[in-house]
Amino acid sequence: MQTMAEERKNNGETEPLLWACLKCGYRVEGEPPPEKCPECGADKSEFEEVPKPGY
Ligand SMILES: [Zn+2]
């Protein structure tokens with residue numbers, strides 16, 4: 001049995017990703033995450049993928 005997530009992956013559908021800076025909470029949509037946080041200058045390793053609200 002397939003989960004919804006797997007089905008979506010198989011369809012090749014891409015959802016917009018949301019990244020959140022762990023340092024200042026800045027959020028940005030898209031992929032990949034920015035090299036640096038425009039707000040606090042944190043490295044992209046400080047960005048964490050977060051579920052898009054509404055899904
Ligand atoms: Zn930041």
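**View 1. Strands β1 and β2 side by side.** Strand β1, residues 18-21, runs antiparallel to β2, and three bridges join the pair. Pairing here calls for at least two bridges found by DSSP between two strands, and the strands themselves are DSSP runs (E, at least two residues), numbered from the N terminus, with helices taken as H or I runs of at least four residues. Looking at individual bridges, L18 is partnered by E29 of β2, while A20 is partnered by R27 of β2. The two strands make a hairpin with five residues between them, and G25 in that turn has a positive phi of about 90°.

A word on the model: it is predicted, so to speak of local features pLDDT must be at least 70, side-chain atom pairs count only at pLDDT 80 or more, and totals for chains, interfaces and linings use all residues. Residue numbers start from 1 along each chain as its sequence is written.

View 2. The three strands form an open sheet in the order β2-β1-β3, paired antiparallel. At the edges sit β2 (27-29) and β3 (47-50), each pairing on one side only. From one strand to the next the twist averages 30°; for such angles, axes are lines fitted to C-alpha atoms (for helices, over the stretch in contact), and the angle between N-to-C directions runs from 0 to 180 degrees. On the β3 side, four bridges link β1 and β3 in the antiparallel sense, and L18 has V50 as its bridge partner in β3. Turn to the faces of β1 and you'll find W19 and C21 on the covered one, with L18 and A20 on the uncovered one.

**View 3. L22 in the β1-β2 loop.** L22 lies in the loop between β1 and β2. Is L22 buried, exposed or partly exposed? It counts as partly exposed because 14 other C-beta atoms lie within 10 Å; the scale is 20 or more for buried, 12 or fewer for exposed, and partly exposed in between, with C-beta atoms placed from the backbone. Not counting residues up to four places away in sequence, L22 touches E46 and E48, a contact being two such C-beta atoms within 7 Å. The C-alpha atoms of L22 and A42 are 8.6 Å apart, with 20 residues of separation along the chain.

**View 4. C24 and its contacts.** C24 is also placed in the loop between β1 and β2. It is partly exposed, because 14 other C-beta atoms lie within 10 Å. Beyond its neighbours within four places in sequence, C24 is in contact with C37, E39 and C40. Between C24 and C37 the C-alpha to C-alpha distance is 8.8 Å, across 13 residues of sequence.

**View 5. A cis bond at P32.** P32 is found in the loop between β2 and β3. The peptide bond leading from E31 to P32 is cis, and its omega is near -5°.

View 6. Of its 55 residues, 9% count as buried. Mean pLDDT, the predictor's confidence in each residue from 0 to 100, is 81 for the chain, and 67% of residues reach 70 or more. Confidence is lowest in helix α1 (residues 4-11), at a mean of 59, and highest in β1, at 92.
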